[in-house]
Amino acid sequence: STPAGIDGSNPEGTLLLDGNGNMYGTTYDGGKYSSGILFKLTPAGKETILYTNGRAGVIAGNTDGNFIQSGLILATDGNLYGNGLNGGANQTGVVFKLSSAFTAH
């Protein structure tokens, strides 16, 4: 696909709503490496990119997740969890955790 803007494109999974009204989501494409992003959207409409997927793009040995097609879950430990279609040690996908230090909800 055509590389999209730095803020991501093609949102796939459902949005996650926290107790403060912030929404968290993922995109399948776009971002710096055209492998999607994880984002936060405040009730006032301010978007924050929490993470850019696929730091080196889709190449052999990339252990980052790419092409996130699922929504996120907010676990009781305060971290966000999700999965990626590609990436990981064998390029067959990953389950990932985004630390609550990034989410600041």
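This is a predicted model: local features need pLDDT of at least 70, side-chain atom pairs count only at pLDDT 80 or more; totals for chains, interfaces and linings use all residues.
Which residues of β8 are on its covered face, and which on the uncovered one? Leu-80, Gly-82 and Gly-84 make up the covered face. Tyr-81 and Asn-83 belong to the uncovered face.

Next I looked up the sheet around β8. I found an open sheet of three strands, in the order β7-β8-β10, and the pairing is antiparallel. As a reminder to myself, strands of a sheet pair through backbone hydrogen bonds.

Then I went through the pairings. β7 and β8 are joined by two bridges and run antiparallel. They form a hairpin, with five residues between the strands. In that turn I noted Gly-78, which has a positive phi of about 85 degrees. On the other pairing, β8 (residues 80–84) and β10 share five bridges, again antiparallel.

At Gly-84, the residue standing opposite in β10 is Val-94.

Last stop: Asn-22, in the loop between β2 (16–17) and β3 (23–29). Is Asn-22 buried or exposed? Its relative accessible area is 8%, and the cut-off for buried is under 20%, so I wrote down buried. Leaving out residues up to four places away in sequence, Asn-22 touches Leu-16, Leu-17, Lys-40, Leu-41, Thr-42 and Pro-43.

Technical notes. Residues are numbered from 1 along each chain as its sequence is written. Side-chain values use heavy atoms; hydrogens and water are left out. Two strands pair if DSSP finds at least two bridges between them. Helices (H or I, at least four residues) and strands (E, at least two) are DSSP runs, numbered from the N terminus. Buried means under 20% relative accessible area, exposed over 50%, partly exposed in between (1.4 Å probe, protein chains only). Contact means heavy atoms within 4.5 Å.
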